[in-house]
Every structure is written in C-alpha cells, then in structure tokens.
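The entries follow the order in which I looked things up.

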Amino acid sequence: MHVRNLSKENSILNRFISEIRDMDIQKDSMRFRRNIERIGEILGYEMSKTLRYRAKVVTTPLGNFDTYDFDNSIVLCSILRAGVPLHNGLLNYFDTAENAFISAYRHHKAHPENFEIVVEYLSCPDLSNKTLILADPMLATGQSMLATFEALQPFGVPKNIHLVSVIGAQEGVDFVSTKFPENTHLWIASIDDTLNDKGYIIPGLGDAGDLSFGKKLQK
C-alpha cells in the first residue's frame with residue numbers, strides 16, 4: 001500500500017487538524033464539520049495529482065484553450081454517519097463522481113473492549129473498472145474500512161482504490177496495508193501512535209460522528 005501522510009509537510013492543513021483536536025473548538029459542531037470538510041478538500045486535491053488525465057479543448061468567447069481534465073470514472077463511498085463531512089469535502093472537488101453510502105458501526109459485546117463491525121445499509125453503483133474512493137475520517141483499528149470494502153465486493157472490481165482518512169492510528173494503517181490490494185493508496189491527514197484498550201485513537205480527537213452531529217444512543 002502507498003501511504004501519504006500529509007501532516008509531515010508544513011501547510012494550512014496542520015491548522016485544521018489542530019482545531020478538530022482542540023476540545024474548546026470542538027464545542028462548535030458547525031466549525032468541526034467545516035474543518036473536516038476542508039481537510040477532505042485538501043486530501044482530494046493531493047490525490048487528484050495521481051489521477052489519469054486527457055487533453056481537452058475548451059471554447060472561450062474569444063477562442064480555444066488547450067487544457068487537461070482527469071479521465072477517471074470515480075465512485076466516492078463514505079461510511080455513515082461520521083463520513084458525511086469528509087464526503088462533502090471530497091465531493092466539492094470531484095463533483096462529477098458517482099456516490100455510494102454504507103452504514104458500518106461498532107457493536108459492542110459484553111465487554112466494552114470487544115466489538116464487531118455491523119453493516120446495515122448499503123447503496124452503491126457499479127464499481128467495475130472505476131476509481132473507488134473510500135472515505136472514513138477515523139482509521140482506528142481499520143476494521144470498518146475493511147468491512148466496507150468487503151461489503152462492496154458484489155458491485156464489481158474497481159481499477160484503482162484510494163482510502164481517505166483524517167486521523168489514523170499506526171496499528172490501523174498497518175492493518176489495512178495487509179488487507180487491501182497492493183496498489184491501494186492511503187491519503188491521511190495525520191497518524192497517531194497508539195490505540196487505547198477500547199480501540200480509540202490516542203490522542204485522536206474523540207468520536208467524529210458525535211462531534212459532527214451530536215451524541216447517539218448505543219444499541
């Protein structure tokens with residue numbers, strides 16, 4: 001797997017990452033969502049540099065202009081509900097993409113440390129020979145990303161796969177590196193060192209879904 005950790009470079013991205021981690025700024029859910037969206041835009045821009053392009057002629061009121069446009073059929077898939085702001089950020093740049101949505105959540109068993117990933121809803125177009133972008137803001141254990149990918153198998157084999165996350169744990173990055181095809185690309189804003197005993201990223205930022213949309217009742 002090809003991993004691109006953008007936090008290793010100094011850019012405005014690092015400010016957005018700091019803000020989504022800050023407990024005081026997190027109190028403003030609209031700002032939190034907007035920062036996730038802006039991070040998605042930056043990750044999407046960097047990813048766009050690796051796409052295939054074709055020559056194109058644009059007619060202006062005064063003549064013709066030779067340019068290039070990407071030549072990829074893109075399907076953008078996000079994991080509900082936390083993935084919605086990240087999905088919107090990517091869709092701002094890949095506005096012609098087809099869209100897929102999946103619900104994948106942690107179902108905790110008798111002990112809080114033990115959980116399984118449950119998929120309940122999936123809407124997806126044909127993926128055959130297309131560029132698949134899987135977006136999930138938090139790459140903790142990597143199990144949600146893998147469960148999503150496995151659930152998409154009946155919809156065809158994509159030509160290219162890009163994983164997009166905001167914050168990940170090194171353990172999750174290592175896990176998906178062994179489970180996805182070798183030519184998969186991971187675009188991530190920041191990678192933290194560890195997970196706690198409940199599988200949450202440390203220092204991380206907390207629950208991205210709750211911070212975006214409010215606390216939920218657990219099943």
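Is the crossing of α1 and α2 left-handed or right-handed? I found it left-handed. The term left-handed applies if the near helix is turned anticlockwise from the far one by less than a right angle, and right-handed if clockwise.

Before going on I noted that this is a predicted model, in which local features need pLDDT of at least 70 and side-chain atom pairs count only at pLDDT 80 or more, while totals for chains, interfaces and linings use all residues. Residues are numbered from 1 along each chain as its sequence is written, and side-chain values use heavy atoms, with hydrogens and water left out.

Entry on α1 and α2. I took helices (H or I, at least four residues) and strands (E, at least two) as DSSP runs, numbered from the N terminus. The axes of α1 and α2 come within 9 Å and cross at roughly 150°. Such axes are lines fitted to C-alpha atoms, for helices over the stretch in contact, and the angles run from 0 to 180 degrees between N-to-C directions. From α1, Leu-13, Phe-16, Ile-17, Glu-19 and Ile-20 take part, and α2 brings Arg-31, Phe-32, Asn-35, Ile-36, Arg-38, Ile-39 and Ile-42. Contact here means heavy atoms within 4.5 Å. I sorted these residues into 8 nonpolar, 1 polar and 3 charged. In this sorting Ala, Val, Leu, Ile, Met, Phe, Trp, Tyr, Cys and Pro are nonpolar, Asp, Glu, Lys and Arg are charged, and the others, Gly among them, are polar.

Entry on α2 and α3. I read that the axes of α2 and α3 come within 7 Å and cross at roughly 45°. That makes α2 oblique to α3; angles under 35 degrees count as roughly parallel, over 145 as roughly antiparallel, 65 to 115 as roughly perpendicular and the rest as oblique. The crossing of α2 with α3 is right-handed. The residues in this contact are 6 nonpolar, 5 polar and 3 charged.

Entry on the cores. A nonpolar core is a set of buried Ala, Val, Leu, Ile, Met, Phe, Trp, Tyr and Cys residues joined through side-chain atoms within 4.5 Å. Buried means under 20% relative accessible area, exposed over 50%, and partly exposed in between (1.4 Å probe, protein chains only). How many residues does the largest nonpolar core have? I counted 34, and Ile-20, Ile-39, Phe-94, Ile-133 and Leu-205 have the most contacts inside it. The helix α2 gives the most to this core, with 5 residues. A second, separate core has 22 residues, including Ala-100, Cys-124, Leu-127 and Val-176.

Entry on Leu-139. I located Leu-139 in strand β8 (residues 138–139). Leu-139 counts as buried because its relative accessibility is 2%. Among the residues that Leu-139 touches are Met-145, Ile-167, Val-176 and Ile-188.

Entry on the backbone. I found a cis peptide bond between Leu-80 and Arg-81, with omega about 0°, and Arg-81 is in the loop between β4 and α3. The bond from Ile-202 to Pro-203 is also cis, with omega near 5°; Pro-203 sits in the loop between β12 and α6. Asn-129 is not a glycine, although its phi is positive at about 60°. I placed Asn-129 in the loop between β6 and β7, where Asn-129 is exposed at a relative accessible area of 61%.

Terms used: Lists of a residue's contacts leave out its neighbours within four places in sequence.
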